[in-house]
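Welcome! Let us take a slow walk through a structure that is new to you, one part at a time.

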Amino acid sequence: MITPRRIDEYEWELPIGFVDDMKVPGRVFASRSLFDKALEDRAAEQVANVATLPGIVGASLAMPDLHWGYGFPIGGVAATDPATDGVLSPGGVGFDIGCGVRLVRTELSRNDLNERLRAIVDALGQQVPRGVGGRGRLPLQGKDIDRVLTEGVSYAIERGAGWPEDARSCEDSGTLANADAAQVSERAKERGLSQLGSLGAGNHFLEIQVVDAIHDQKAAESLGLAEDQVCVMIHSGSRGLGHQTCTDYLRSIDRLGSAFGYQPPDRQLSCVPLSHELASNYVGAMNACGNFALANRQVLMDGVRSAFESVFGRPARDLGMHLVYDVSHNLAKFEEHAIEGTTRTVCVHRKGATRAFGPSHPGLQEQFRSIGQPVLIPGSMGTASFVLTGTDEASAKSFSSTCHGAGRAMSRTKAKKQMTGQDLRSQLETEGILLAKTRWKLLSEEAPYAYKDAGEVVAACEGAGLSRVVARLRPVGVVKG
Amino acid sequence: MSGYEILEHTADVGLRAHAPSVTTLFEQATRGLCDIAGIWHDGPGSSVAIDVEARDREGLIVDWLNEVLYLHDSHNVAICSVEVDEVSEQRARGRIAVRPLREEAETAIQVKAVTYHQIDVHETPSGWSATVFFDI
């Protein structure tokens, strides 16, 4: 068997032949210990499987938080070239299309919270619908859903959820172009109608955090971040609408079987050529779901502002509650990258990976040209989260991609066996982290020990040159989905 | 013998079901999915027909279970019973009974979708076996 090759401290190659029919090598950005974990849980094999996709260019990539997924590994990145019969694989985006993270800053410092922390955690718990069967804060009727799918954040703002300037602080300015609501099924829309402005369950959460370390003063200042500042992080996606859309397109593509002469090593890697009608329909639907996810986080943020207003008795504007940034980590995008010396437009699939344009990338929004694209990395519940920025170096190395989170290291069943939810709650509260009322029995599925250390993950990203660490935030209040 | 076991996965959850016939296999897989999601409730409910077509039995079981998830998520219901009438090479027909989600919501987990990852349905010397992974 062909074995992995270490290229440098934070880069590993899975040579062609690691699994059959690889068209390019696999490349994993990770420290030795993170890479060893990827080998143990079969994520490395999945990186190699992705390298069999027709038209894949460069290498099948994985970020340091990679772990075993379904088809693609979580943390996987693959660029396919329309000019060489490259394919689109909905599994390379995943079921939670457009899932992502946003960060809101405040002008409050840790001491301003003190005795109000319990009140604000509880207010957030009440303002933000969550869990299974949760109905969203912004109900939609009839054709409203098509406007959400087409307009994203700006629709939510028009409905009163947020401020006009919020949109420019989102990736793609809050609206993904080329969204086509007509390519989203009625079933998916039915699921989305009642869920706009709901957190969902599983690993989705909302956290009150305090900036506890600044690593890049210039970038932090540019983003309005300073030590001891209170922020709120939101992690959620496109809810049932996205899940249904991925399911719909996977089914349609699966029905084609191996019509294009490609037999995937895992059926979840089913794909169609980018030139196929199904691929263009999927892209329209995917962008529509991405807009729903953006609008969802916008409405959730509106709930966060309301909760702070009610507890502090001051308008959110007086509290300085500006949006720092919003990123998606499950999307495919057509982007320009330098490949083997020429600039080409390729379809970059990111499944649990974040776009991280460097300061010089032409796709970067004007206001970030001096620092690079902001990237938001949530830690596991009770551990630190990070703000990063993209590097120019990452364009050639990782199609301008970096990690998306800590990455799971332990199954949910094992995590639940280690500690009860109530014991975990007590432990977190001893550490000064308050939790909003939640379904305690399920809490330990998302325990910190079930995840890798996000600090180790972001250090590996910086070591590999994919992104730079700007700030670290530690949690003081958690509202779990 | 019919039954199912939960399979470990780093981030998600899998299921291996076995049964003497392919129709009872689909019923066991439905029970397993509802067990994982915490949305099973024994008792009476309104009957909803399920009728799916796919290119093979693996595609059928994915589609069948996705129908169950769709009904649960879009109508906010718990699943009370399942009856599968027919599973041929390319079609599965039957029904589930549902009732509004009540106390189950306190312990239900969100299963986002049924995946094709390592999907397998095959006949064994003693009946039928299926392996399915879910995105959580």
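Predicted model: local features only at pLDDT ≥ 70, side-chain atom pairs only at ≥ 80, totals over all residues.

**Starting in chain B**

In E5(B), Ser81(B) has Ala97(B) as its bridge partner. Helix H1 (residues 22–37) of chain B packs on the sheet here, touching E4 and E5 of chain B, and its direction makes about 165 degrees with that of E4(B). Residues are numbered from 1 along each chain as its sequence is written, and chains are lettered from A and ligands numbered from 1 in the order in which they are written.

The element names follow a simple scheme: helices (H or I, at least four residues) and strands (E, at least two) are DSSP runs, numbered from the N terminus. Two strands pair if DSSP finds at least two bridges between them. Axes are lines fitted to C-alpha atoms, for helices over the stretch in contact, and angles run from 0 to 180 degrees between N-to-C directions. Two residues are in contact if their C-beta atoms, placed from the backbone, lie within 7 Å.

Now look at the sheet itself. It is an open sheet of three strands in the order E3-E5-E4 (chain B), with antiparallel pairing. E3 and E4 of chain B are at the edges with a single partner strand each, so one side of each has no neighbour in the sheet. From one strand to the next, the twist averages 25 degrees. Strand E4 (residues 77–87) of chain B is joined to E5(B) by nine bridges, and the two run antiparallel. Within that pairing, Val82(B) stands opposite Ile96(B), and a hairpin links E4(B) to E5(B) through three residues.

**Where the chains meet**

How many residues of chain B are in contact with chain A? The count is 33 residues of chain B, in contact with 39 residues of chain A. On the chain B side, the elements that give two or more residues are strand E1 (3–8), helix H2 (57–75) and strand E8 (127–135). H2(B) gives the most, with six residues. This side of chain B divides into 14 nonpolar, eleven polar and eight charged residues. In this sorting, Ala, Val, Leu, Ile, Met, Phe, Trp, Tyr, Cys and Pro count as nonpolar, Asp, Glu, Lys and Arg as charged, and the others, Gly among them, as polar.

**The sheet of chain A**

Moving over to chain A, you will find an open sheet of seven strands with mixed pairing, in the order E1-E2-E3-E4-E5-E13-E12. Its edge strands are E1 (5–8) and E12 (330–339) of chain A, each pairing on one side only. Neighbouring strands are turned by 25 degrees against each other on average, direction ignored.

Is Asp8(A) buried or exposed? With 8 C-beta neighbours inside 10 Å, Asp8(A) counts as exposed. A residue is buried if 20 or more other C-beta atoms lie within 10 Å of its own, exposed if 12 or fewer, and partly exposed in between, with C-beta atoms placed from the backbone.

E4(A) is mostly covered, with 15 of its 15 residues buried. Three bridges join E3(A) to E4(A), and these strands run parallel. E4(A) and E5(A) pair in the antiparallel sense over six bridges, with Leu61(A) opposite Val77(A) in E5(A). These two strands form a hairpin with one residue between them, and Gly71(A) in the turn has a positive phi of about 85 degrees.

Helix H1 (residues 32–40) of chain A lies across E2 (11–14), E3 (26–29) and E4 (56–70) of chain A, running at about 85 degrees to E4(A). Helix H2 (residues 43–50) of chain A packs on the sheet, touching E2, E3, E4 and E5 (72–80) of chain A, and its direction makes about 155 degrees with that of E4(A).
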